[in-house]
Amino acid sequence: MALRAAVFDLDGVLALPSVVGTFRRAEEALALPRDFLNDAFLKGGPDGSSARLMRGEITFSQWVPLMEENCRKRSEASGIHLPENFSVHQIFDEAISARSINRPMLQAVLALRKKGFKTCILTNNWLDDRAKRGDLARMMCELSPHFDLLVESCQVGMAKPEPQIYKLLLDTLKASPSEVVFLDDFGSNLKPARDLGMVTILAHDTDAALKELEKVTRTQLLQTPAPLPVPCSPNDVSHGYVTVKPGVRLHFVELGSGPALCLCHGFPESWFSWRYQIPALAQAGYRVLAMDMKGYGDSSSPPEIEEYAMEVLCKEMVTFLDKLGIPQAVFIGHDWAGVLVWNMALFYPERVRAVASLNTPFIPANPKVHPMDAIKANPAFDYQLYFQEPGVAEAELEQNLSRTFKSFFRASDEGFLASHKVTEMGGLFVRTPENPSLSKMITEEEIQFYVQQFKKSGFRGPLNWYRNMERNWKWGCRGMGRKILIPALMVTAEKDVVLVPEMTKHMEDWIPHLKRGHIKNCGHWTQMERPAEVNQILIDWLEAEVRNSTLLSKI
């Protein structure tokens, strides 16, 4: 029978270095005999304090004095003098804080899931009530979304190598033993699984274990190209709504804890356009709030054009923060939301912890040049003229939503939409394929998510963002002469044919402390086309400008 489930131990397999390995280093540092700590840990066998800890009968803090008593008795019986600074609590704190996720093993998990395998963690774990219990919590929080099942000994009242825990595993997986491969770093934990008929792999060396796993699963796990960041799905995040004024509410999704980040999408998109960024930023230690901007998805979509003036949109973002009790947030925007976040920094700097824009430059309003004249002067902006007449672009874009999104969402070397001469041709999709192929940067399932979102409210609201040029210009002129002096980041995309990098060349005149990022071989849909690069740029900038400065302000 073919394998269809892969089961991984936590300590020593998914998390390295193992606690037992740390025991050995502690023994050397404290001049204790080899296996002194391990023997004390195992004292009493299935009825001992450590076995009770693993079954969840006692908590970690209840177990520590019992373990220290085991160590004291063992030292007395062996004529060993325990050092003055001997502390089981400290040894475990250091062991757990030293552990980190075994990335090559986790990438193997992701590859197996992609191939249809069920994935599971089977671990002897404890109820952690230490002061530093956050270390274990953070690790489990990052790992858990990548596994279909988590079996912790302390939660099920049985521990490896007790045979019943393996039977529970099989029952929960609804799998026969011959359909399961199990990796553990203890042979004694593998034997009962092997006796039941599971395929077992002793994982003392990650590369050797992955070679064996490759062989038995017939899945390439080593020497694979760097994987994409793991995206979130609508079911992976919590959804919230904030009423910003009577009849208007904003929908957002939320993940993580820490300083607040507001991710704001462009046209014609959704909170879902940040699906690769949300988990990475949450894991980096931030409270991520990804918006459905006004007019989109599950946010309100009033028909009036003036409802989408930038002054109105920014005031509503301030109310959004107020209603959530957030004094300040980092605002990160793409495309039209890049315009919004720069205006938030210009008009409401007290509410903006830092500001970043993908693709969209900051260009201050020029009172001497009417915005429509500026648009007419740039052939690449001709599509914005086509968008001005209510109902015209709506009819074209709503006619076949699948075609619309397959035409828009394309990598920089796949695009066929032209932004110039759109008015003259009478539409965006004139002379373009009726049934476009699927881009390499998006799946059919993801396209269908956008289709379903735009079936709810159509394109009227999103297109209204383009129909407030004069209102936005007049409001922008009120900020003439102001500079943006809060932390700011501009990320340009080499192959964006509309928001070309050259448009950002004078930004330091108005944002003197501007930081920059640049992504090569990337078109307009930056978060989708180059997610790993976007994540790295944002996390590095946030670490320098937000996290470090927050720590300094506390000092």
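Reader: Where is Asp 35 found in the chain?

Author: Helices (H or I, at least four residues) and strands (E, at least two) are DSSP runs, numbered from the N terminus. Asp 35 lies in the loop between H1 and helix H2 (36-42). Its phi is near 70 degrees, a positive value in a residue other than glycine. This is a predicted model, in which local features need pLDDT of at least 70 and side-chain atom pairs count only at pLDDT 80 or more, while totals for chains, interfaces and linings use all residues. Residues are numbered from 1 along each chain as its sequence is written, and side-chain values use heavy atoms, with hydrogens and water left out.

Reader: How is the exposure of Asp 35 described?

Author: Buried means under 20% relative accessible area, exposed over 50%, and partly exposed in between (1.4 Å probe, protein chains only). Asp 35 has 25% relative accessibility, so it counts as partly exposed.

Reader: What is Thr 360 in contact with, leaving aside its neighbours within four places in sequence?

Author: Contact means heavy atoms within 4.5 Å. With those neighbours left aside, Thr 360 is in contact with His 334, Asp 335, Gly 338, Val 339, Trp 342, Met 490 and Leu 499. Thr 360 is also found in the loop between E13 and H15, and it is buried, with a relative accessible area of 4%.

Reader: Which peptide bonds are cis?

Author: One of them runs from Leu 16 to Pro 17, with omega near -5 degrees. Pro 17 is in the loop between strand E2 (15-16) and helix H1 (19-29). Another cis peptide bond joins Lys 160 and Pro 161, where omega is about 5 degrees. Pro 161 belongs to the loop between helix H8 (153-156) and helix H9 (163-173).

Reader: How many disulfides does the structure hold?

Author: A disulfide is a pair of cysteine sulfur atoms within 2.5 Å. The structure holds 0 disulfides. For Cys 141, the nearest cysteine sulfur, that of Cys 232, is 13 Å away; Cys 141 is exposed, with a relative accessible area of 55%.

Reader: How are two packed helices described?

Author: They are described by the angle between their axes and the distance between the axes. Axes are lines fitted to C-alpha atoms, for helices over the stretch in contact, and angles run from 0 to 180 degrees between N-to-C directions. The axes of helix H4 (residues 60-78) and helix H5 (residues 88-98) come within 9 Å and cross at roughly 120 degrees. Among the residues making this contact are Phe 60, Trp 63 and Met 67 of H4 and Val 88 and Phe 92 of H5.

Reader: What share of the residues in the chain is buried?

Author: Buried residues make up 53% of the 555 residues. The chain contains 24 helices and 15 strands, and its C-alpha trace spans about 90 × 60 × 40 Å along its principal axes.
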